[in-house]
Amino acid sequence: MFDIKTITVSAWIGLFFTALFLFCAIFAPWIAPYGKAEIVGGVWEPMSEQFWLGTDNLGRDLLSRMIYGARITVFIAAAATALSFSLGAILGFTAAVVGGWFDTLMSRFIDLLMSIPTLIFGLVVLSVLPSTIITLILVMGLLDSTRVYRLSRAVAADINVMDFVEAAKLRGEGNAWIIFREILPNALSPLVSELGLRFIYAVLFLSALSFLGLGVQPPEADWGGMVKENKEGIVFGIPAALIPAGAIAALAISVNLVADWVLNRTSSLKGGRG
Amino acid sequence: MQILKLIAQRIALGILLLFAVSVLIFAGTEILPGDVAASILGQSATPQALENLRRELGLNEPAIVRYFTWLGGLLTGDLGTALSNRMDIATSIWPRLKNTLFLAFWAAVVSVPLALILGMLAVRYRNGWIDKTISGFALASTSLPEFFIGYVLIFFFAVKLNWFPSFSTVHEAMSFGDRMKAIALPATALTLVVLAHMMRMTRAAILNVMQSAYIETAELKGLSQFDIIRRHAFPNAIAPIVNVVMLNLAFLVVGVVVIEVIFVYPGMGQYLVDHVTKRDVPVVQAVGLIFAAVYITLNMIADIAAIVSNPRLRHPR
């Protein structure tokens, strides 16, 4: 499946940057030149030999903050995506297989949830919840699982009427077997390409929340939070806030490129029908 | 008559949805695990202060009673009182709502025609360099966070070139020209945020129509390109395009939240975020519901436009 020759140039770019960000996220304490909360210089020093990206609003090394920020951003976004995927997929498959009142009830409830813009509902809920990383992951994961639910229910409803599923039902297999052994393997490829998009969405959502001051709380900071910390400098012509903002954009674009490539590959495997 | 019945049904559904959403928003802030009063005041609150706040919020009454009190207030235009500054919420919201709609209106005036034209260009020169440039731009801009676009605009056009103010402060006494100058950057940012999505959906909608069998038939029976578009493609593309436009207006109203915070624009989004930080529940509920109502209304208009423009949707399949 992963023949090197079939990887397109844009996919290479995407893979390279995604890998770079992941590397930073995993090995942050070993590669960051300074500690994440260590004040090492003046406020908003320009880029120099000593501080590659300059210093931030409190005189901390921006490069080190970026590397630690990658860790928090990627971790929370990945955890929220994992939650939304497992929850959305299991509920969606179950609704498609079980049908009846469960399906109707779930689907109407999801319709209701999706009729409120995600960011607005997120803000409403976060106004009473404590701002911890766990809450963030739960809120983001639950809100985003609605989209996964819709997709997986549609995919599973298609597969559910195929002959091999009928055969399994006649054989007397239970719902759990049908969902995990018959439907899941066949629904995997459309879901995998959706995974990348949901991850990007989670990154952007988290960054927006942190930028608004409702996500990751100081002294910890993800990239969105770092934009917030350094935004006052923009007016004085100090571009420090643009660096984390650009990093979010770069991560989102590179994951997008990889997801695009995976999508094209899986659809070409099926004779280009996607 | 059939069509009126369908539209009435859709509006009734919208109203029903609005009530369900009000329940959800209320439930989201009230029936969460933990004590609302405790989470508003923080951990250092005294038991006396907690008790006072509980009484003020009516937390000692059952949730269902509080919901109907709140709903009754909403329906009579009373949005309640803000916890943080004891101001009447409705009077604080009104000027901000006007500001937000002003910003969203001008962003829509620019972005909708631009997106439609670019989308049609992309279809006309399909797979050519124009199409590829537009698609590449669209891919990039859906991945850009709003604040990246916003701060890049501020950095270059307000700070380096000094063409526009970097904070979009507007007030009642401002002239229309000054007001337009103040919203130039946020409106541009908002346009860029929705443009790509709208353009891609327009392109897909027109392509979908252009590739259908009846267009091919029209070509084969020798109709001119103009007639094909006028008689066959356009009527069928209206519904999806109106749909795209409405969905994006809905998106625009939401995108306004982050943009307003970036440009320190005194609108609804800024107001919402401020009060989420202050844990001012009555304000958050009211503003959240207004945002949701606008979003649902726009979606409803999209559906109605589809029903009106597409006869096939008038008959149940």
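1. Chain B has twelve helices and zero strands. From the N terminus on, its elements run α-α-α-α-α-α-α-α-α-α-α-α. This is a predicted model.

2. Confidence comes next. The mean pLDDT of chain B is 80, and 91% of the residues score at least 70. For the complex, the predictor gives an ipTM of 0.81 and a pTM of 0.85.

3. Overall dimensions of chain B: its C-alpha atoms fill a box of roughly 85 × 55 × 35 Å along the principal axes. Of its 317 residues, 36% are buried. Among contacts in chain B with a separation of 6 or more, 71% join residues 24 or more positions apart.

4. Look at one helix pair. H10 of chain B spans residues 225–262, and H12 of chain B spans residues 281–309. Their axes come within 8 Å and cross at roughly 175°. An angle over 145 degrees counts as roughly antiparallel, so H10(B) is roughly antiparallel to H12(B).

5. The residues of this pair can be named. From H10(B), those that meet H12(B) include Ile238(B), Val242(B), Met246(B), Leu249(B) and Val253(B). On the H12(B) side they include Phe291(B), Tyr295(B), Leu298(B), Ile301(B) and Ala305(B). By class, the contact of H10(B) with H12(B) has 17 nonpolar residues, three polar and no charged.

6. Now the contact between the chains. Chain B puts in 40 residues and chain A puts in 38 residues. On the chain B side, H1, H2, H6, H7, H10, H11 and H12 each supply at least two residues. H7(B) gives the largest share of that side, eight residues. The side of chain B that touches chain A has 31 nonpolar, seven polar and two charged residues.

7. The largest nonpolar core has 148 residues. Those with the most contacts inside it are Val203(A), Tyr151(B), Leu190(B) and Val253(B). H10(B) gives the most to this core, 19 residues. Val253(B) is also one of the H10(B) residues that meet H12(B).

8. Tyr151(B) deserves a look. Leaving aside neighbours within four places in sequence, Tyr151(B) is in contact with Lys231(A), Ile234(A), Ala241(A), Leu242(A) and Ala245(A) in chain A, and with Ile262(B) in chain B.

Conventions. Residues are numbered from 1 along each chain as its sequence is written. Chains are lettered from A and ligands numbered from 1 in the order in which they are written. This is a predicted model: local features need pLDDT of at least 70, side-chain atom pairs count only at pLDDT 80 or more; totals for chains, interfaces and linings use all residues. Axes are lines fitted to C-alpha atoms, for helices over the stretch in contact, and angles run from 0 to 180 degrees between N-to-C directions. Helices (H or I, at least four residues) and strands (E, at least two) are DSSP runs, numbered from the N terminus. Angles under 35 degrees count as roughly parallel, over 145 as roughly antiparallel, 65 to 115 as roughly perpendicular and the rest as oblique. Two residues are in contact if their C-beta atoms, placed from the backbone, lie within 7 Å. Ala, Val, Leu, Ile, Met, Phe, Trp, Tyr, Cys and Pro count as nonpolar, Asp, Glu, Lys and Arg as charged, and the others, Gly among them, as polar. pLDDT is the predictor's confidence in each residue, from 0 to 100. A nonpolar core is a set of buried Ala, Val, Leu, Ile, Met, Phe, Trp, Tyr and Cys residues joined through C-beta atoms within 7 Å. A residue is buried if 20 or more other C-beta atoms lie within 10 Å of its own, exposed if 12 or fewer, and partly exposed in between; C-beta atoms are placed from the backbone.
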